[in-house]
Each structure stands twice: as structure tokens, then as C-alpha cells.
Amino acid sequence: MLKQMLDYAFQVSSCISLQPKSKLHFESLKHVKENKSGHCTKVMRSVNMENLRTGYLFPEIARREYEHSQKYPNAEIIKLGIGDTSEPIPDCITSAMAKQALDLSTVKGYSGYGDEQGNKALRKRIAEKFYKNMCIKGEEVFVSDGAQCDISRLQMLLGSHVTVAVQDPSFPAYIDSSVIFGRAGDVQGQNGKYERIVYMECNPDNGFFPDLSNTPRTDIIFFCSPNNPTGTAASAAQLRRLVDFATANGSIIVYDSSYAAYISDGSPTSIFQIPGAKQVAIEISSFSKFAGFTGVRLGWTVVPEELSYSNGFPIIKDYDRIVRTCFNGASNIVQAGGLACLSTEGFQAVSNVLNNYKENAKILAEAFRGLGMEVYGGQNAPYLWVHFPGSSSWEIFAEILEKTHIVTIPGRGFGPRGESYIRVSSFGHRETILEASQRLTSLGKLNFNWVRE
């Protein structure tokens, strides 16, 4: 079954590459000829789906990992690529979910549909725990099945007519969902950029924060802090500039704070710590990397009542309608786990797990620096952003996999400015991280001059 899934992912990722639209149409016709059923409907494929430049990044990584495992069946592959948590969820949290599940087998404890916006107690607790002194109310919190799903719900809310800016590099879902909703335009040549998306360059020279003075106005600004993939967090002064920029331009910031719990240096954990942000920002976040809920699925979105369209209509009312129409609410079992995470005992337990991942990041950063590499991130996020100047990120990925059996993520998969970087995850059991460190250290001084030959 795994091989079938990976084969399918490869087929999807191979169907459309960086090529002219005429080529895309040719590919569509070719698929018609290859249709094994002998029957096609009269429904045309969405031009937006055809416009996706590649398959989604992470299935492609899984495909290459599978191929490597077939080539080296006895190798112990270490997965530091896809950002999936590895440590068990604390017992006090799983026990709360188990109790909620068992209660469903009783007349007194059974419950069916809940509020689409989420359990009122959980919404209130999220507002109190993560937005203390920010004047965020429980009614402004919408509980969901995760931040990535909320990205698409927000795209649906905002429509296809809006213009979009993203950090470069950035999480692929911001761009891919923009393409799917028809607001990206065509791919521009070999650089992989879409003509109607504004790419805000983030690199070491600008502190991984874009030069807003040279950034054109867009309706929507996707901004992630701590950033995935660079692992860097924006300072209060930087976010002040971002809010002022959005205010002056009448833009909306979609702020992804999914990794805020990892912040260690006092950087803001929410855009709403910046005065005026409630008039220009929506915030999405998640229990996935904070509480190990990557498979359990729970997140939230904050839509302030003060945020409005150009005609003065409150955006929260439309988002409420989107949620009621497209979502039946997060599982009541999972929401019980969310409440347990935010209890005194639960929060301390998940914080201990986070500290383990932070220590993993330090170990891996030391290993890469020992190889002479420049390493960013790791302090405020579970990701390292490792620079190999002048090198191809996909070839770096392949070389590290071949020599060490360690899976990373090529930076190019996060945007054009990710070229010559790899992203390394600190999720993993300590013994696995120590083994990865030893394998990297044993390579000695890495030399990637062959990439440029």
C-alpha cells in the first residue's frame, strides 16, 4: 500500500513541471489518450490545477526516501525532513481524550454535533492562554482540524480577485492554495515564480525579514513567524513595521504562528501583541507541533471583530459562514485533548517535550557548524536552515542522503530563495539525533564544489 501511495505521488509530481501553458494542455491531451477506462467525462480539468508547477513537495520527498530504501534495504534511514513530531503525547492529555471517547458509550456522556466554531470552553481557554492582555475574545477564536486546512478556508473566504504576497522562502501551502484559487497567474520561466504573486525576499542580509520599502501593495500578506522553513522569528520592531505597512496599504496579514511555542528569545508569539494589528490581521495556529497533534489534528484561527472589508462589513461574519458551510467542527474527542493541553499539568508536560526538541536542534546545529556550514534557526523553531553557498539544494539533499542515509528537505522546495539551503528538522528521539550528529561529523569537512563543475 505504501508503495502504491508513493507511486501515485510520483505520478502527480511528474505530470506538470516548469513549462509553458501549451505544454500543459498537451500533457492534458496525453492523459486523455492514456485513460485506461476508455471513457472520459465532458468536464474539463481546472486550469488552476493545471497551473500548479509541481506535485506537492513532501510526497516527492517521501518518494525519494522510498527509492533510497529500496537501493539500500539494510540502511537505517534517519528522517530529519518532513516536520513530524516524534515524542509520545503526555498521558494526562491522552487520558482526557480516552475518557471523552468512553463517555460517548454512555447515555449521559454521549454528544453528537458540536458547534462548528468549536467547544466554547476551548475557544475561551485558547484566548486566555495564548492571547492574554491582547483583548482577544473566545468568540473570535475558531477551532479547527489544523492550520493547513484553515489556510484553504481563508483562501475561500478571500476569493480569487485578491492579490497575494508571500515570504520567500515560505511554506508551500500559501502559494499552492493561491494557485488553486486562481490568483497566481502563470509561472515565469525557470525561476518558478508566479507572475501575480509578490515574493518578499528573506535572507541573512535582511535578517530574514523583507524590505517592505521595496514591496508593492497586495491585498493579502502571508507571514509566518517563527518562519517555516528558516526557523527565524520576527522581532517586535519588525512586526511593528509589518503592521504599519498593512495599515497604510489597506492590506490583510494572514499570520501563521504555528511554531510560537518554540520562541525562546522574547520575540512576539502573536501578531496581536502589536498595537493596531487587530484592524489588519488574521492569525492561524495549531496544536500539531506544540502538543504533538500532527496526527490527532487540532488548530485554530483568530478573526478579530475589528477587522473589516473596504465597505466596512466585518470579516468575522463571513468567516463564520465559511466555517458553518464547509466544516462540521473538530472532533469532540480531540477538543477534550486540546483542553487538557491547556491545563496547568498538560501545558507543563508539553513544554517539557518542546524543550527536548530544542535541545535536539542545538545538537544538530553544532554538527553542521563543525562541518563549516552557516546555520540559521533552531532557537525559536524546530528547524535548522543550513547554507551551502553556490550549491543546488536538491543535489545537497541527494548527497547527504547517499552518504549518511539522512533525509532533509531541499530549500528550493520552499521557493526560489531557498536555493543552496536545506531544512533540517529537530523532531526525533534523542538517540536518533545523536546518531545523525555522529554520521554528519564523520563526513569531515564537506566539499560541494562538484555541484558547480
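User: What should I know about the model before I start?

Analyst: It is predicted: local features need pLDDT of at least 70, side-chain atom pairs count only at pLDDT 80 or more, and totals for chains, interfaces and linings use all residues. Residues are numbered from 1 along each chain as its sequence is written, and side-chain values use heavy atoms, with hydrogens and water left out.

User: How many residues does H15 have, and what span is expected for it?

Analyst: Helices (H or I, at least four residues) and strands (E, at least two) are DSSP runs, numbered from the N terminus. The expected span of a helix is 1.5 Å times one less than its number of residues. H15 has 13 residues and reaches 18 Å from first C-alpha to last, close to the expected 18 Å. Just after H15, Gly444 has a positive phi of about 75 degrees.

User: Which residues of H15 are buried?

Analyst: Buried means under 20% relative accessible area, exposed over 50%, and partly exposed in between (1.4 Å probe, protein chains only). The buried ones are Ile433, Ala436, Ser437, Arg439 and Leu440. Seen down the axis of H15, they fall within an arc of 165 degrees, so they line one face of the helix; the arc is taken over directions from the helix axis to the C-beta atoms. On the other side of H15, Glu431, Gln438 and Ser442 are exposed.

User: Why does Leu440 count as buried, and what is it in contact with?

Analyst: Leu440 counts as buried because its relative accessibility is 1%. Contact means heavy atoms within 4.5 Å. Leaving aside neighbours within four places in sequence, Leu440 is in contact with Ala367, Phe368, Leu371 and Ile406. The C-alpha atoms of Leu440 and Ile400 are separated by 8.5 Å, though these residues are 40 apart along the chain.

User: What covers the buried residues of H15?

Analyst: The cover includes strand E1 (78-79), helix H13 (344-370), helix H14 (393-404) and strand E13 (406-407).

User: How do I read the sheet with E11, and which strands stand at its edges?

Analyst: Two strands pair if DSSP finds at least two bridges between them. Here an open sheet of four strands runs in the order E11-E12-E15-E14, with antiparallel pairing. Strands E11 (374-377) and E14 (409-410) stand at the edges with a single partner strand each, so one side of each is left without a neighbour in the sheet. E11 pairs with E12 (residues 383-387) over four bridges, and Gly377 stands opposite Leu384 in E12.
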